[in-house]
Amino acid sequence: MIFRTAVEHAKRHPGLIPQFFFICLGMGGAGLYLIRLARGPHVTWNKTQNPEPWNKLDPTYQYKFVNIATDYENLKKNGPQF
């Protein structure tokens, strides 16, 4: 229903086509990023099998999407092993 209405408006007003394209591109990118966040190793979906998955991560694991200042290859863990 909504898709049919959008196509009808795009036929009547061709200037809306790029706007529909970029809206769909932004929504698709946001959805893919949410899926990426939900599948991360520090996210717990099943608390009975692995209640603290972040304890099993390597100290050189890069948590941030982009981090320019920190070199994770030479990072040493300061603390006990759990």
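Helices here are DSSP runs of H or I with at least four residues, numbered from the N terminus. With that in hand, welcome to a predicted model whose secondary structure comes to 2 helices and 0 strands.

**The chain as a whole**

Of the 82 residues in the chain, 7% count as buried. The chain exposes about 7,600 Å², and carbon and sulfur atoms supply 64% of that area. Among contacts with a separation of 6 or more, residues 24 or more positions apart account for 3%.

| Residue | Helix | Helix residues |
|---|---|---|
| Val-7 | H1 | 2-12 |
| Phe-21 | H2 | 16-38 |

Let's start with Val-7 in helix H1. Is Val-7 buried, partly exposed or exposed? Its relative accessible area is 31%, so Val-7 is partly exposed, since that class runs between the 20% and 50% cut-offs. The C-alpha atom of Val-7 is separated by 8.9 Å from that of Ile-17, a residue 10 positions away along the chain.

Now to helix H2, which spans residues 16-38. An unreviewed UniProt entry annotates residues 16-35 as "transmembrane region". In the model, residues 16-35 are 100% helix and 0% strand, and their end C-alpha atoms lie 29 Å apart.

**An aromatic pair and a nonpolar patch**

A pair of aromatic rings is described by two values, the distance of the centres and the angle of the planes. How many aromatic pairs does the count come to? The count comes to 1 aromatic pair. The rings of Phe-21 and Phe-22 have centres 5.2 Å apart and planes at 75°, so this pair is edge-to-face; the cut-off for that label is over 60 degrees.

Phe-22 has a relative accessibility of 54% and therefore counts as exposed. Which residues make the nonpolar surface patch of about 350 Å²? Phe-21, Phe-22 and Leu-25 make it.

Key: Residues numbered from 1 in each chain as written. Predicted model: local features only at pLDDT ≥ 70, side-chain atom pairs only at ≥ 80, totals over all residues. Heavy atoms only, no water. Patch = residues over 30% accessible without salt bridge, like charges linked within 9 Å, V, L, I, M, F, W, Y side chains within 5 Å. Areas by Shrake-Rupley, 256 points an atom, 1.4 Å probe, with all protein chains shown as cover. Salt bridge = Lys/Arg side-chain N within 4 Å of Asp/Glu carboxyl O. UniProt positions renumbered as here; feature names shortened; annotations may be inferred. Buried < 20%, exposed > 50% of the residue type's maximum accessible area, 1.4 Å probe, protein only. Contact = heavy atoms within 4.5 Å. Phe/Tyr/Trp six-rings, centres within 6.5 Å; stacked < 30°, edge-to-face > 60°.
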